[in-house]
Amino acid sequence: MTRLERIHLLSRADRLQPLRKFVRELAIQQGCCAENLDCMVMAINEACMNVIQHAYHGRDDGEIIIEFWKDADELLIRIYDFADQVDLDAIRSRDLADVRPGGLGVHIIHQVMDSVQYKNCNEPLGNLLEMRKQLNKPVKCNLADQ
Amino acid sequence: MKYPVTQHNNYTLLQLTGEIDLNESPNARRQILEQIKHNNNLLVDLSAVEYIDSSGVASLVEGFQNARGKQLEFALLGVSPSAMQVLQLARLDTVFTIYHSLDELDT
């Protein structure tokens with residue numbers, strides 16, 4: 001497995017647009033198929049939104065580290081934060097039949113990525129989200145199957 | 001940013017533009033709710049929206065619920081394939097009234 005990039009950003013909403021651009025360019029460079037490109041960008045955006053809103057409670061001075069790894073034809077993304085450790089059992093999608101604003105990020109991430117794992121870091125603070133996506137196998141984003 | 005507002009038949013047409021993400025969605029939400037506060041049937045034009053995330057979708061949902069509470073019409077216009085993907089993932093594509101064009105609305 002090869003680490004492609006490691007980036008640091010602050011927990012600011014205005015950092016998400018440059019992040020999406022960066023992710024899109026990196027995924028294209030790594031040969032990501034068109035069908036999976038939007039999924040990748042969407043999942044990473046939603047994950048960072050959750051860090052900003054829920055881990056850092058809207059603080060704009062929190063640190064987020066994102067690592068991009070390549071393992072054969074798969075991209076592994078690791079998103080670290082340094083906020084209070086979250087209760088991993090509390091991270092879950094909500095019932096979508098209950099139409100209301102908010103609470104869609106976790107569901108979207110699970111729908112579009114091939115695997116998703118939340119971990120607490122071994123340090124006193126911090127959380128880690130690991131997501132994997134095949135670069136050239138458009139599977140999860142096939143909404144016709146939903 | 002102030003989004004363009006026009007009238008079309010009995011709808012106020014609010015054209016969102018650009019990327020409706022966590023940074024921009026509060027502004028979009030504010031303007032959507034402003035129109036509903038003024039008792040306008042609202043048609044939210046997404047044809048110029050390049051990207052929308054769950055926070056942007058949340059703004060649409062809140063607008064939809066507020067409009068419904070006041071018995072006003074609320075619909076979306078010109079949803080791009082990428083925006084539609086987000087709505088489908090959230091299972092909202094069957095909740096919102098969606099028009100592909102103004103011609104479709106008028107027929």
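In this predicted model, 18 residues of chain B are in contact with 19 residues of chain A, contact here being C-beta atoms, placed from the backbone, that lie within 7 Å. On the chain B side that touches chain A, H2 and helix H3 (81-89) of chain B each give two or more residues. The largest share of that side, six residues, comes from H2(B). Helices (H or I, at least four residues) and strands (E, at least two) are DSSP runs, numbered from the N terminus. Residues are numbered from 1 along each chain as its sequence is written, while chains are lettered from A and ligands numbered from 1 in the order in which they are written. As this is a predicted model, local features need pLDDT of at least 70, side-chain atom pairs count only at pLDDT 80 or more, and totals for chains, interfaces and linings use all residues.

Next comes the inside. The largest nonpolar core has 62 residues, and those with the most contacts inside it are A:Ala43, A:Ala47, A:Cys48, B:Leu42, B:Val44 and B:Val57. Such a core is a set of buried Ala, Val, Leu, Ile, Met, Phe, Trp, Tyr and Cys residues joined through C-beta atoms within 7 Å. Buried means that 20 or more other C-beta atoms lie within 10 Å of a residue's own, exposed that 12 or fewer do, and partly exposed anything in between, with C-beta atoms placed from the backbone. Helix H2 (residues 34-55) of chain A gives the largest share of this core, twelve residues. Once neighbours within four places in sequence are left aside, A:Ala43 is in contact with A:Ile109, A:Val112, A:Met113 and A:Met131.

Chain A also has an open sheet of five strands, in the order E1-E2-E3-E5-E4, with antiparallel pairing; two strands pair if DSSP finds at least two bridges between them. Strand E1 (2-10) and strand E4 (115-120) of chain A have a single partner strand each, so one side of each lacks a neighbour in the sheet. Eight bridges join strand E2 (residues 63-71) to strand E3 (residues 74-81) of chain A, among them the pairing of A:Glu67 with A:Arg78 and that of A:Trp69 with A:Leu76. These two strands form a hairpin with two residues between them, and A:Ala72 in the turn has a positive phi of about 55°. On its other pairing, E3(A) is joined by eight bridges to strand E5 (residues 127-134) of chain A, where A:Ile79 has A:Leu129 as its bridge partner.

Chain B has its own open sheet, with five strands in the order E1-E2-E3-E4-E5 and mixed pairing. Its edge strands are strand E1 (5-8) and strand E5 (97-99) of chain B, each pairing on one side only. Four bridges join E3(B) to strand E4 (residues 74-77) of chain B, and the two run parallel; B:Leu42 stands opposite B:Phe74 in E4(B).

As for helix H1 (residues 25-37) of chain B, its buried residues are B:Ser25, B:Ala28, B:Arg29, B:Ile32, B:Gln35 and B:Ile36. They sit on the same side of H1(B) because they cover an arc of only 130° around the axis, taken from the directions from the helix axis to the C-beta atoms. These residues pack against strand E2 (11-20), strand E3 (42-52) and helix H2 (54-69) of chain B. The face turned away from the buried side carries the exposed residues B:Pro26, B:Arg30 and B:Lys37.

How values were computed: Two residues are in contact if their C-beta atoms, placed from the backbone, lie within 7 Å.
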